[in-house]
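Subject: Structure handover

Hi there,

Here is the structure I said I would send over. Please have a look at it first, and then read on for my notes.

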Amino acid sequence: MARYWPGRSLLELYRGQMSWRELRVFLRYLPTDSATARSVRGSTATEDQWTLDRHLLASAVEAMRENTFAMVKLHGDPKKTRQLKPPDPIERPGVEARKQKSNVIRFGGRHGSGAAQLAGVFGGRAATQ
């Protein structure tokens, strides 16, 4: 109460210097970042810091980072950019992190031809040699 209504106290209600209506109006029009408003909404301070404009700004930053990654990957030296990985998204409440792709089919090398994996993906049988 002291933060948003300096010089006032709940003791004034007890002493009769403040009416219940005044208290109700004060509580009703508290700013959204107040502890009382957060308690009523059931949110945390971290969640309340992520307003719509911050979410949009994070989305814009992620888009620029992905665009930069794509440009470097497309126009860079293939030998140098082979090991580049896409940028991780900015962590924010209410947005789930991307899951790693687990259905990557590798051809040749020590993992085999990948024919059995392809057959599982497309619902057919793997061709044997």
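The side chains of Arg-92 and Glu-62 are joined by a polar contact of 3.2 Å (polar contact: a pair of N or O atoms within 3.5 Å; within protein, one must be able to donate a hydrogen and the other to accept it, and residues adjacent in sequence count only if both atoms are side-chain atoms). Bear in mind that this is a predicted model, in which local features need pLDDT of at least 70 and side-chain atom pairs count only at pLDDT 80 or more, while totals for chains, interfaces and linings use all residues. Residues are numbered from 1 along each chain as its sequence is written, and side-chain values use heavy atoms, with hydrogens and water left out.

Arg-92 sits in the loop between α6 (78–81) and α7. With a relative accessible area of 12%, Arg-92 is buried (buried: under 20% relative accessible area; exposed: over 50%; partly exposed: in between; 1.4 Å probe, protein chains only). Not counting residues up to four places away in sequence, Arg-92 touches Trp-50, His-55, Ala-58, Ser-59 and Glu-62 (contact: heavy atoms within 4.5 Å).

Ser-34 belongs to the loop between α2 and α3 (35–41), and is buried at a relative accessible area of 2%.

Now to the rings. The structure holds one aromatic pair (rings of Phe, Tyr and Trp, the last by its six-membered ring, with centres within 6.5 Å; planes under 30 degrees apart are stacked, over 60 edge-to-face, the rest tilted). The ring centres of Trp-5 and Phe-26 are 4.7 Å apart and the planes are at 20°, so this pair is stacked. Because Trp-5 lies in the segment before α1 (11–15) and Phe-26 in helix α2 (residues 20–28), the pair ties together parts that are 21 residues apart in sequence. Arg-8 lies over the face of Trp-5, at 4.7 Å from the ring centre (the criterion: NZ of Lys or CZ of Arg within 6 Å of the ring centre and within 35 degrees of the ring normal).

Phe-26 is buried, with a relative accessible area of 12%. Leaving aside neighbours within four places in sequence, Phe-26 is in contact with Met-1, Tyr-4 and Trp-5. Phe-26 also belongs to the largest nonpolar core, whose five residues are Leu-13, Met-18, Leu-23, Phe-26 and Leu-30 (nonpolar core: buried Ala, Val, Leu, Ile, Met, Phe, Trp, Tyr and Cys residues joined through side-chain atoms within 4.5 Å).

Leu-23, found in helix α2, counts as buried at 10% relative accessibility. Outside four places in sequence, Leu-23 is in contact with Leu-10, Leu-13 and Met-18. Leu-23 and Leu-10 are 13 residues apart in sequence and 8.5 Å apart in space, C-alpha to C-alpha.

Finally, the overall picture. The chain has seven helices and zero strands (DSSP runs numbered from the N terminus: helices are H or I of at least four residues, strands E of at least two). Of its 129 residues, 12% count as buried. The mean pLDDT is 79, and 75% of the residues reach 70 or more (pLDDT: the predictor's confidence in each residue, from 0 to 100). Confidence is lowest in helix α7 (residues 115–122), at a mean of 67, and highest in helix α5 (residues 52–75), at 91.

Best wishes
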